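I am opening these notes to record what I looked up in the structure, entry by entry.

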Amino acid sequence: MWYAIKGPLFFLIYVNDMPGAVKYKLLRYADDSAILVSGKCRHDIENILSSKMTVLSQWLISNKLSLHLGKTKSILFDSRQKLKAQPSLNVISNGHALE
């Protein structure tokens with residue numbers, strides 16, 4: 001029985017220091033994580049999020065893990081008027097723009 005639950009337990013122990021690497025609000029659930037950034041200026045949010053994605057990518061590489069950029073998304077919550085004018089964020093990770 002013990003062998004069946006070791007994998008998830010070891011994974012959680014392995015990624016336990018991820019929030020310390022990002023030093024920002026990081027939500028984790030199972031093998032998914034989300035960085036939360038808030039601000040009044042879209043440009044500042046994009047810069048902070050791109051910077052944190054770079055730090056997170058470096059942490060993943062040094063821990064022999066990888067970031068699946070095809071599954072990595074950014075989402076913006078704002079007023080309808082602002083979202084109509086500019087509906088998406090320009091977040092860059094490892095030279096790739098996130099969807």
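How many helices and strands are there in the protein chain? I count four helices and four strands, taking helices (H or I, at least four residues) and strands (E, at least two) as DSSP runs numbered from the N terminus. Before going further I note that this is a predicted model, in which local features need pLDDT of at least 70 and side-chain atom pairs count only at pLDDT 80 or more, while totals for chains, interfaces and linings use all residues. Residues are numbered from 1 along each chain as its sequence is written, and side-chain values use heavy atoms, with hydrogens and water left out.

Overall layout. I read the order of elements from the N terminus as α-α-β-β-α-α-β-β, and I find that the C-alpha atoms fill a box of roughly 55 × 25 × 25 Å along the principal axes. Of the 99 residues, 25% count as buried, where buried means under 20% relative accessible area, exposed over 50%, and partly exposed in between (1.4 Å probe, protein chains only). The chain exposes about 7500 Å², of which carbon and sulfur atoms supply 58%, by the Shrake-Rupley method with a 1.4 Å probe.

Core. I looked next at the largest nonpolar core, which has 16 residues; such a core is a set of buried Ala, Val, Leu, Ile, Met, Phe, Trp, Tyr and Cys residues joined through side-chain atoms within 4.5 Å. Those with the most contacts inside this core are M18, I35, L49, L56, L89 and V91. The elements that give two or more residues to the core are α2 (18-22) and α3, and α3 gives the most, with six residues. Setting aside neighbours within four places in sequence, I find M18 in contact with L26, S33, L56 and W59, a contact being heavy atoms within 4.5 Å.

How much space lies in the largest pocket? I note about 1100 Å³, a pocket being an open set of points on a 1 Å grid over the protein atoms alone, where a 1.4 Å probe fits, with protein on both sides within 12 Å along at least five of seven lines; the volume is the space filled by probe spheres set on the points. Of the 40 lining residues, the closest to the centre are S33, A34, I35, T72 and K73, where lining residues have an atom within 4 Å of a point. Helix α3 supplies the largest share of this lining, six residues.

Single residues. I stopped at K64, in the loop between α3 and α4 (80-85), whose phi is near 60°, a positive value in a residue other than glycine. Most residues other than glycine have a negative phi. K64 is exposed, with a relative accessible area of 74%. In helix α3 I also checked Q58, which is exposed at 51%; Q58 and N47 are eleven residues apart in sequence and 17 Å apart in space, C-alpha to C-alpha.
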